[in-house]
Every structure is written in C-alpha cells, then in structure tokens.
Amino acid sequence: MKRILQLFSALIVMMTTLLSSTPARAEKLRDLCDVSGARDNQLVGYGIVTGLTGTGDDTSVPFTAQSVLSLLRRLGLQVTPTQLRLKNVAAVMVTATLPAFAKAGTKIDINVSSVGNARSLVGGVLVQAVLKGADQRTYAVGQGSLVVGGFEAHGASGSSVKSNTTTSARIPEGAIVEREVAASLVTNGTMKLELRNPGFTVAARISEAVNKKFGANASNALDSGSVLIHVPAEFTNKIVDLIASLEEIDVTPVRRARVVINERTGTIVAGGDVRLSPAAVVHGGLTIVVKETPAVSQPTAPFGKGTTVVVPQTDIQTSEGDKSVTYVPAQPSLSDVASALGSLGLSPRELASVLEALRAAGALEAEVVVQ
C-alpha cells in the first residue's frame with residue numbers, strides 16, 4: 001500500500017511540474033463542444049449466432065428454439081421443435097452506434113452479447129439481424145463472423161482454462177446503414193454549440209473568441225452549457241464552412257480542482273488547482289479479532305452415561321492503531337498537497353477517508369468525487 005501511495009505522489013509531482021513549467025494550453029473549439037443536432041444514435045436488435053462448437057444455448061432457453069424455428073420456416077424448411085439441437089446456436093442481442101450524418105450504405109461496427117446460457121460465442125457467425133432505433137424504425141442490418149476477445153478450453157478430467165469474456169463479441173463494420181437520420185443544424189438563422197463539460201467561464205470565453213473572429217454580435221452565451229451562434233450572412237449557404245472555421249478557434253479551458261476517489265479499487269486521482277489549508281489530522285482505528293477454536297469434551301461417567309460434546313473456546317484480541325496528531329501546513333500547489341498527504345503514511349483507502357474529512361472541514365479546496 002505504501003508503495004502505491006509513493007507512486008501516486010510521484011506521479012502527481014511529475015504532472016504538476018510539467019503543468020507549472022508551461023502556460024495554460026489553449027484547446028481547439030472542436031474538443032470542447034459539439035454542434036446541436038449533430039449527435040449519435042443508439043441501435044439495438046435481436047439475432048441468432050450459428051456455427052458454435054457445442055457451446056451454444058440448450059433446450060432450457062425457449063426463445064432460442066422459437067427463433068431457430070421461425071428462421072428455418074422463413075427459409076422454406078418445416079421443422080418440429082423435437083428435431084432441434086441447439087448446442088451450436090445462441091440467441092444474442094446486437095447493439096451499435098449510428099454516427100451523425102451516416103449515409104445509406106455506410107458500414108458501422110456492432111457488438112454482440114449472449115442473452116441465453118451459451119458458454120462461448122467463439123467461432124460463431126451472426127445471421128442477418130435488424131437494428132432499430134428508439135422510434136422502432138430500422139436503420140441498419142448486421143451480419144458477419146464474430147471476433148471474440150477471449151478463449152475457453154476444457155480438459156478431459158474436468159479442468160478448464162478461461163481468459164476474458166467469451167459470451168460477448170464484436171463485428172468490425174458488420175452492419176450496413178439502411179436509413180439516414182435527418183439532422184437540422186440551423187434554426188431561424190442561429191446555431192447552438194453544446195459544451196461537453198459545462199462551465200460559465202468556458203462558455204463566456206467561447207463566445208468571446210467567436211465574436212473576436214466573426215464580429216461583435218456573432219454569438220452570446222445562453223448558459224453554462226450552450227453558446228448561441230448567429231450565422232453570418234456570408235455563411236448562409238455555407239454551414240459546413242462555418243462549422244469548420246469555428247472548430248479551429250482556440251479557447252483556453254478552465255480545469256476544475258477535483259479529487260476523484262474510487263473506493264472499490266482504492267484509486268485516487270487529483271487534478272486542477274487543488275489547494276490545502278492548515279489542518280490537524282488524527283487517523284487511527286480499533287481492530288478486534290475474534291478467534292473461536294472448538295474443543296471436544298469426553299466425559300468419564302460410568303456405564304456410558306456421558307455424552308461427547310463440542311465446547312467452543314473463544315479468544316478475543318483487540319489492538320488500537322496509532323492515533324497521533326499530524327499537523328498538515330498550508331500547501332499552495334498540487335505537488336505540495338501530494339507530498340503532505342504522502343507523509344501521513346496512509347494506504348489509498350485510508351487516504352480517501354482523510355480527503356473526504358478534509359473537504360468536509362473546509363481544509364481541502366477541491367471538489368471530491370466518490371465513485
């Protein structure tokens with residue numbers, strides 16, 4: 001744990017040194033916001049994967065049998081449910097993301113995941129599956145061989161080896177777009193930019209940069225998450241050229257002081273202008289260990305009247321951790337904060353608790369996000 005904390009402190013010091021040695025770097029407008037109306041859409045569908053080597057669904061999955069019967073009957077084959085053998089077939093859900101302005105005939109990647117009790121999709125082939133949007137309209141059709149990122153092997157003696165997940169897969173460019181999603185970028189001569197990370201300061205800086213390039217009244221910030229663009233007369237019929245020009249504008253973003261704590265993995269990441277006010281930290285815990293050892297009691301009563309019983313023997317031990325008071329002076333930079341907290345000698349999980357307490361006491365000038 002101490003080694004992990006030392007690496008964390010060293011990483012923070014290195015990042016702070018790099019950031020402090022160079023001025024704040026401006027970002028392109030395309031990296032900070034998106035044009036309203038130019039958005040992706042999620043697609044979902046249901047399908048059948050065939051060609052598995054005995055790792056598919058069994059007869060306890062009713063919808064797989066129904067799907068195979070329906071498929072075969074559409075192909076002109078009359079099959080009864082008792083004739084089906086489903087070990088080489090698996091029912092799957094198919095998902096994809098339809099990019100903005102994707103035209104008919106464009107190929108997109110799809111994800112395939114088992115919804116039955118198939119053990120593995122390795123070697124399977126997805127039969128033509130229809131992908132629909134939230135409006136229940138068909139936008140793409142998917143089919144092809146699956147690419148699985150794991151493997152599974154079973155030995156004759158019952159031993160097995162498994163790596164990663166074998167019940168989900170991908171098909172690169174496995175779907176063909178059949179319908180285009182209409183998008184409207186300009187409404188009443190205006191266009192809206194939506195910030196990916198809302199902030200009043202960033203919105204104001206974007207509006208200022210746009211006005212500097214296209215004129216005093218070219219834009220205005222509506223709120224912390226959107227900026228309204230008034231389309232100049234010379235770009236009325238050249239919206240693509242206008243967006244391309246907007247994307248090249250440089251804007252200096254605001255990096256918020258934030259500490260992210262993942263309690264499940266013990267990961268702590270700090271960024272931005274994190275500052276620490278003077279504080280006194282007391283951290284220690286009481287550990288209680290209860291050990292129970294069963295003992296057999298064999299009585300010596302005459303004529304076999306005694307009864308053998310198990311008598312539990314309980315041993316309780318307590319140990320109290322070090323509760324010494326540690327004074328943490330004011331720290332003006334992120335590297336100083338990392339060094340000060342690293343001197344406490346706490347594990348990442350304990351440090352997360354200390355950071356939350358410092359934030360509650362008002363000594364840590366940063367937003368604490370617990371995941």
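Helix axes here are lines fitted to C-alpha atoms over the stretch in contact, and angles between them run from 0 to 180 degrees. The model on display is predicted.

Begin by selecting residues 200-214, helix α3, together with residues 239-247, helix α4. These two helices pack with their axes 11 Å apart and at an angle of about 120 degrees. Angles from 65 to 115 degrees count as roughly perpendicular and those over 145 as roughly antiparallel; α3 and α4 are therefore oblique to each other. Their crossing is right-handed.

Next, display the side chains at this contact. On α3, select V210, K213 and F214; on α4, select L242, S245 and L246. By class, the contact comprises 4 nonpolar, 1 polar and 1 charged residues.

Now move to the sheet. It is an open sheet of 4 strands in the order β2-β11-β13-β12, and the pairing is antiparallel. Select 33-35 for β2 and 219-223 for β12 to see the edge strands, each of which pairs on one side only. From one strand to the next, the twist averages 30 degrees.

For the pairing of β11 with β13, select residues 190-195 and residues 226-230: the two strands run antiparallel and are joined by 5 bridges. Within this pairing, pick K192, whose bridge partner in β13 is L228.

Finally, show the helices and the sheet together. Helix α3 packs on the sheet, where it touches β11, β12 and β13, and its direction makes about 165 degrees with that of β12. Helix α4 also packs on the sheet, touching β2, β11 and β13, and its direction makes about 35 degrees with that of β11.

Terms used
Residues are numbered from 1 along each chain as its sequence is written. This is a predicted model: local features need pLDDT of at least 70, side-chain atom pairs count only at pLDDT 80 or more; totals for chains, interfaces and linings use all residues. Side-chain values use heavy atoms; hydrogens and water are left out. Angles under 35 degrees count as roughly parallel, over 145 as roughly antiparallel, 65 to 115 as roughly perpendicular and the rest as oblique. A crossing is left-handed if the near helix is turned anticlockwise from the far one by less than a right angle, and right-handed if clockwise. Contact means heavy atoms within 4.5 Å. Ala, Val, Leu, Ile, Met, Phe, Trp, Tyr, Cys and Pro count as nonpolar, Asp, Glu, Lys and Arg as charged, and the others, Gly among them, as polar. Two strands pair if DSSP finds at least two bridges between them.
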